[in-house]
Amino acid sequence: MRKLSEQELKLVQLAISEKGINSAELLMEVYDHFLSHLESFPEEQFEVQLNSLNLKWSKGYCAKLQDNLRKNLNKTVRKIQWNLIKSYFSWPKFFITLLLIGGITLLINLLTSKLQLAILFSVPLIYLTGFLAMVLFRTHQKLKPIKSTFKDSGLKINSLYSSYFITYLTLPFHFYNICLNVPRILKVDQLVSDELVNYLSIGFCFIIYIHAITAYEAWKIKSKTALI
């Protein structure tokens with residue numbers, strides 16, 4: 001196998017950039033495929049082989065691949081997290097789950113309502129905010145060499161996995177607004193008894209904690225293969 005010249009690399013990058021691929025994951029997969037294929041042929045056949053690849057990896061075909069990747073993201077991440085959630089209800093993690101529920105219940109019963117909200121909701125939300133910042137930073141670092149390679153392409157390159165995962169991480173913030181702020185705005189928060197509020201708080205906090213823990217574990221799994 002030979003090493004492509006700078007001019008040949010630029011021609012490959014130009015050919016791929018014309019396919020309109022924005023997903024960094026798919027872009028690098030196509031780029032690596034082009035390079036490995038072209039490096040196995042002598043210099044005299046470079047142009048012929050590049051044209052052959054362009055016909056096979058057409059703009060329409062790449063657009064279909066990118067659309068399929070986007071559609072599969074939701075299933076992939078949700079499947080990983082759901083399997084992780086189920087593992088917390090199997091031994092020995094079930095014991096940890098019981099301790100978590102017991103700890104939340106104890107705090108709910110011991111603290112005043114305002115202090116309950118301040119501690120129970122702020123801890124996972126602060127954690128998710130920090131986690132979100134870390135994912136953004138790592139994604140930025142991983143995308144730098146890819147963007148540098150295609151800096152003259154004019155493509156707006158991003159990580160589909162990272163974009164979806166970031167949206168997934170922000171879900172609890174929307175739950176927080178819907179469950180706490182909307183009732184206050186509509187002035188219906190006083191219609192619910194304190195006892196019911198306590199039970200709802202326990203359930204809501206448990207969901208946020210489980211989401212935060214399993215989201216981190218799902219990220220550890222996907223970060224080995226995806227740009228997150």
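How much space lies in the second largest pocket? The second largest pocket of this predicted model holds about 230 Å³ of space.

**View 1. Overall fold of the predicted chain.** The chain contains nine helices and zero strands, following the pattern α-α-α-α-α-α-α-α-α along the sequence. Of its 228 residues, 37% count as buried. Among contacts with a separation of 6 or more, 80% join residues 24 or more positions apart. The accessible surface comes to about 13800 Å², and carbon and sulfur atoms account for 63% of that area.

**View 2. The largest nonpolar core, with 44 residues.** V12, I16, L27, F34 and L169 touch the most other members of this core. At least two core residues come from each of α1 (6–17), α2 (24–38), α3 (46–56), α4 (59–87), α6 (113–149), α7 (160–169) and α9 (194–222). The most are given by α2, which provides eight residues. In soluble globular proteins, nonpolar side chains tend to be buried together.

**View 3. Surroundings of L169.** Apart from neighbours within four places in sequence, L169 is in contact with L128, F131, L132, V135, H211 and A215.

**View 4. Lining of the second largest pocket.** E6, K10, Q13, L14 and S17 line this pocket together with S148, T149, F150, K151, D152 and S153. Both α1 and α6 supply at least two lining residues, and α1 gives the most, with five. By class, the lining has two nonpolar, five polar and four charged residues.

Notes. Residues are numbered from 1 along each chain as its sequence is written. This is a predicted model: local features need pLDDT of at least 70, side-chain atom pairs count only at pLDDT 80 or more; totals for chains, interfaces and linings use all residues. Side-chain values use heavy atoms; hydrogens and water are left out. A nonpolar core is a set of buried Ala, Val, Leu, Ile, Met, Phe, Trp, Tyr and Cys residues joined through side-chain atoms within 4.5 Å. Buried means under 20% relative accessible area, exposed over 50%, partly exposed in between (1.4 Å probe, protein chains only). Helices (H or I, at least four residues) and strands (E, at least two) are DSSP runs, numbered from the N terminus. Contact means heavy atoms within 4.5 Å. On a 1 Å grid over the protein atoms alone, a cavity is a set of points where a 1.4 Å probe fits but cannot get out, and a pocket is an open set with protein on both sides within 12 Å along at least five of seven lines; lining residues have an atom within 4 Å of a point. Grid points are joined across faces, edges and corners, and a volume is the space filled by probe spheres set on the points. Ala, Val, Leu, Ile, Met, Phe, Trp, Tyr, Cys and Pro count as nonpolar, Asp, Glu, Lys and Arg as charged, and the others, Gly among them, as polar. Accessible areas come from the Shrake-Rupley method with a 1.4 Å probe; for residues, only the protein chains shown count as cover.
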